[in-house]
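This briefing describes the pockets, cavities, domains and selected local features of one protein model. Please consult the sequence and structure shown below while reading.

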Amino acid sequence: MSPRTIVVIGATGSQGGAVVKELLANRDLYHVRALTRDPSKPASQRLAALGAEVRSADLNSGSDALAQVFAGAGGIFALTDFWQTQSTTTEIAQGRAIADAAARTETLKHFVWSALPDPVKLSNGQLLNIHHWKGKSLVTEYIQKEHPELWAKTTTVLFPNYFENCITTPDRYLPKKDASGVYTLSFPHSPETVMPNVAIADTGKLVHSILQAGSTYFTKTIAFYSEALSESEKLASIGTQYNVPTKYQKLSSSECQELLESRDGMSPEIALDFAEQLMMFELFGNVYANPEFVQAREIPGLSLQTWSEFIRENDLRRFL
């Protein structure tokens, strides 16, 4: 049997890049069509050198243009990036265009959608400002209602907190050394509040497992995380690994929002969105452990990196 063509949206990003890497390691199974806005940039050229078919695609170009680059695909890994535009309207339009184009792809056997859960439903209507979750959940609803045949071969993956966040945004996720030499982390969670965590580099492993499982996960929602950990637990592990004193400090939601605005330059609306996302886990626990979701760490044969493994393999001292 000839390799299946798998289209990967966002092929040079953290999610898509991990998927491309894993699928290219299985060339007997997959032909990778890597979609990127700029095929000429170095990251795109590196994918081409590794054997990917690199194609140009703009998610704002509409479903007709996307249908052309989807043509002949047996599988699609689809995502949208809220943080690129910070616009829910834009993200929903992109997601719908992807779904419309995928529904027209006659060769398509499996659609894998990178999603987030409905924050209004999970919070019983209490958290109404987590727009970057809501937009993706509305696209999921759109696929279900408007494209039932596509939905019948769709697997939805809920993405969690990334271990790599402490490398890409260390000011937000790593402790700071105070005047007394103690490394202090300030976060709007009680010490025992856990969040789902995963190494985003493992995305490719998950997608490979999903594709190989055939129809097993059609119409299923997979909660993608290796561990449910509190920030205080992660901080303690850093202290042990690097032999430094640590201290955990709980912020209020409003203090967190003010910090996101002053330190990270977020607008008040985006800071509220981000802070409410964190409060979801403070107020309602690990919502990813919902029994309605397939737990990725329970998928047979799938091994996901732990936090202790991550901090052993990545020297975080350069960020402390």
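Helix α7 (131–146) contributes the most to the lining of the second largest pocket, with 4 residues; helices here (H or I, at least four residues) and strands (E, at least two) are DSSP runs, numbered from the N terminus. The model is predicted, so local features need pLDDT of at least 70 and side-chain atom pairs count only at pLDDT 80 or more, while totals for chains, interfaces and linings use all residues. Residues are numbered from 1 along each chain as its sequence is written, and side-chain values use heavy atoms, with hydrogens and water left out.

**Terms for pockets and cavities**

- On a 1 Å grid over the protein atoms alone, a cavity is a set of points where a 1.4 Å probe fits but cannot get out, whereas a pocket is an open set with protein on both sides within 12 Å along at least five of seven lines; lining residues have an atom within 4 Å of a point.
- Grid points are joined across faces, edges and corners, and a volume is the space filled by probe spheres set on the points.
- For linings, Ala, Val, Leu, Ile, Met, Phe, Trp, Tyr, Cys and Pro count as nonpolar, Asp, Glu, Lys and Arg as charged, and the others, Gly among them, as polar.

**Second largest pocket**

- The volume of the second largest pocket is about 410 Å³.
- Its lining comprises 18 residues, and Asp118, Lys121, Thr221, Glu292 and Phe293 are the closest to its centre.
- Two or more lining residues come from each of α6 (119–122), α7 and β6 (154–158).
- By class, this lining has 6 nonpolar, 7 polar and 5 charged residues.

**Largest pocket**

- The largest pocket has a volume of about 1,300 Å³.
- It is lined by 48 residues, with Ser14, Gln15, Asp81, Trp83 and Tyr162 nearest its centre.
- Helix α14 (residues 268–284) supplies the largest share of this lining, 4 residues.
- The lining of the largest pocket divides into 23 nonpolar, 18 polar and 7 charged residues.
- Both domain 1 and domain 2 give at least three residues to the lining of the largest pocket.

**Domains**

- Domain 1 covers 4–161 + 198–226 + 286–302, and domain 2 covers 164–193 + 229–284; these bounds come from an automatic or database domain assignment.
- The C-alpha centres of the two domains lie 28 Å apart.
- Their contact (heavy atoms within 4.5 Å) takes 23 residues from domain 1 and 17 residues from domain 2.

**Cavities**

- There are 3 cavities of 30 Å³ or more.
- The largest cavity holds about 80 Å³ of space, and the residues lining it include Arg172, Phe187, Cys256, Arg263 and Phe274.
- At least two residues of the lining of the largest cavity come from each of β9 (183–187), α13 (253–262) and α14, with α13 giving the most, 3 residues.
- The lining of the largest cavity has 8 nonpolar, 1 polar and 2 charged residues.
- The second largest cavity holds about 40 Å³ of space, and Trp307 is one of the residues that line it.
- Helix α12 (residues 231–242) gives the most to the lining of the second largest cavity, with 4 residues.
- The lining of the second largest cavity has 7 nonpolar, no polar and 2 charged residues.

**Helix α5**

- The 16 residues of helix α5 (residues 88–103) should span 22 Å at 1.5 Å a residue, and the end C-alpha atoms are 22 Å apart, which agrees; the expected span is 1.5 Å times one less than the number of residues.
- Among the buried residues of α5 are Glu91, Gln94 and Asp100, where buried means under 20% relative accessible area, exposed over 50% and partly exposed in between (1.4 Å probe, protein chains only).
- The buried residues of α5 pack against α3 (63–70), β4 (75–78), α4 (82–85), β5 (110–115), α7 and α8 (148–151).

**Individual residues**

- Most residues other than glycine have a negative phi.
- Glutamine 86, in the loop between α4 and α5, has a positive phi near 55° and is partly exposed, with a relative accessible area of 42%.
- Asparagine 124, in the loop between α6 and α7, has a positive phi of about 55° and is exposed, with a relative accessible area of 63%.
- Threonine 156 lies in strand β6 and counts as buried because its relative accessibility is 2%.
- Not counting residues up to four places away in sequence, threonine 156 touches Trp113, Ala115, Thr140, Trp151, Lys220, Thr221 and Ile222.
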